[in-house]
Amino acid sequence: MATTTEIAADVYRISIFVPEINLEFSHFLVKDDEPLLFHAGLRSMFPILHEEVSRLMDVSKLRHIGFSHFESDECGALNDWLGRAPAAQPVCGLVGAVVSVNDFALRPARSLTRDDLLSTGRRQFRFLPTPHVPHGWDAGVLFEESERILFCSDLFHQWGHREPATSDSLIERCREALLEAEAGPFANYVPYTHHTGRILESLAERAPKTLAAMHGSTHYGDGAQALRDLATVMREVLGPKADHGETSPTGTIKA
Ligand SMILES: [Fe+2]
Ligand SMILES: [Fe+2]
């Protein structure tokens, strides 16, 4: 079952909860002159997501299919969307385009650096490269400039079926999520490098007002403070002082 919520004017969060893994996946549709979908979603979710987007607009009119990094929940169904929308183009960072997407996708990507603006009509977007934050060399986040909406992919990951949007702090949920991931077979979900704090600070300096997370609630409020809090939690849970690990039989590094 999908839950669709308008988180800003003509910006829709379409969330699908998967009880087997206690995780929801959110996809964001921006209805504008050139409609944009951020997160193409898993191939297995394409039928339900397609149905939900169809309720909101003519799918064949989609123009931009964006995502943070090359991973199935981000872009597994990319070619399904490109097949349904003849004018649609993948949108991602330069590394993503050159390393993966231009080979994988039916059509080449429009690759963006942080100096490029993507206009959908009324809204302007910037793709901010964030290598290895949350993960992947090609990672980035999409920032909508007029209302300062940060489409932040796996940052602020929360387990469970959450309220679509909240003004309450997400930080303890995020701490629990990181700790839970580290304790199981999906440890090392998010790497911590000497660039992590600086990258999160560069996002905080944009002072987002809305954090549109892929997994868990969208957050309204002081996004700069939330990003700085997240940097602290990531350093505490994942940083050098937390790492006394060894490699397990499944390849994860455990404390
Ligand atoms: Fe991811
Ligand atoms: Fe994800």
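## Ground rules

Contact here means heavy atoms within 4.5 Å of each other. Helices (H or I, at least four residues) and strands (E, at least two) are DSSP runs, numbered from the N terminus.

This is a predicted model, where local features need pLDDT of at least 70, side-chain atom pairs count only at pLDDT 80 or more, and totals for chains, interfaces and linings use all residues. Residues are numbered from 1 along each chain as its sequence is written, chains are lettered from A and ligands numbered from 1 in the order in which they are written, and side-chain values use heavy atoms, with hydrogens and water left out.

Two packed helices are described by the angle between their axes and the distance between the axes. Here, axes are lines fitted to C-alpha atoms, for helices over the stretch in contact, and angles run from 0 to 180 degrees between N-to-C directions. Angles under 35 degrees count as roughly parallel, over 145 as roughly antiparallel, 65 to 115 as roughly perpendicular and the rest as oblique.

Start with helix α6 (residues 196–204) and α7: their axes come within 8 Å and cross at roughly 170 degrees. That angle is why α6 and α7 count as roughly antiparallel. On the α6 side, Thr 196, Leu 200, Glu 201, Leu 203 and Ala 204 meet Ala 224, Leu 227, Arg 228, Leu 230, Ala 231 and Met 234 of α7. Sorted by class, this contact has eight nonpolar, one polar and two charged residues. For that sorting, Ala, Val, Leu, Ile, Met, Phe, Trp, Tyr, Cys and Pro count as nonpolar, Asp, Glu, Lys and Arg as charged, and the others, Gly among them, as polar.

Now for α5. The axes of α5 and helix α7 (residues 223–238) come within 10 Å and cross at roughly 25 degrees, so α5 is roughly parallel to α7. From α5, the contact uses Ile 171, Cys 174, Arg 175, Leu 178, Leu 179 and Glu 182, and the α7 residues include Ala 226, Asp 229, Leu 230 and Val 233. By class, the contact of α5 with α7 has 10 nonpolar, no polar and four charged residues.

## Salt bridges

Side chains of opposite charge can pair when their charged atoms come close. The whole structure holds 14 salt bridges, each one a side-chain nitrogen of Lys or Arg within 4 Å of a carboxyl oxygen of Asp or Glu. Burial is sorted by relative accessible area: buried means under 20%, exposed over 50%, and partly exposed in between (1.4 Å probe, protein chains only).

Take Arg 122 and Asp 10, a salt bridge with its closest N and O atoms 3.5 Å apart. Arg 122 sits in the loop between β8 (118–119) and β9 (124–129) and Asp 10 in the loop between β1 (2–8) and β2 (11–18), so the pair ties together parts 112 residues apart in sequence. Arg 122 is exposed at 55%, while Asp 10 is partly exposed at 23%.

Arg 173 and Glu 163 meet in a salt bridge at 2.9 Å, N to O. Arg 173 belongs to helix α5 (residues 171–182), and Glu 163 to the loop between β11 (149–153) and β12 (165–166). Arg 173 is buried at 17%, whereas Glu 163 is partly exposed at 30%. Glu 172 and Arg 175 also form a salt bridge, with 3.4 Å between the closest N and O atoms. These two are three residues apart in α5, so about one helical turn separates them. Glu 172 is partly exposed at 43%, and so is Arg 175 at 23%. Elsewhere, salt bridges that share partners join Asp 10, Asp 32 and Arg 122 into one network.

## Loops worth a look

The loop between β9 and β10 (140–144) holds Pro 134, and the peptide bond from Val 133 to Pro 134 is cis, with omega near 0 degrees. His 132 lies in the loop between β9 and β10 too. Its phi is near 65 degrees, a positive value in a residue other than glycine, and His 132 is partly exposed at 34%.

Arg 148, in the loop between β10 and β11, has a positive phi of about 55 degrees although it is not a glycine. Arg 148 is partly exposed at 30%.
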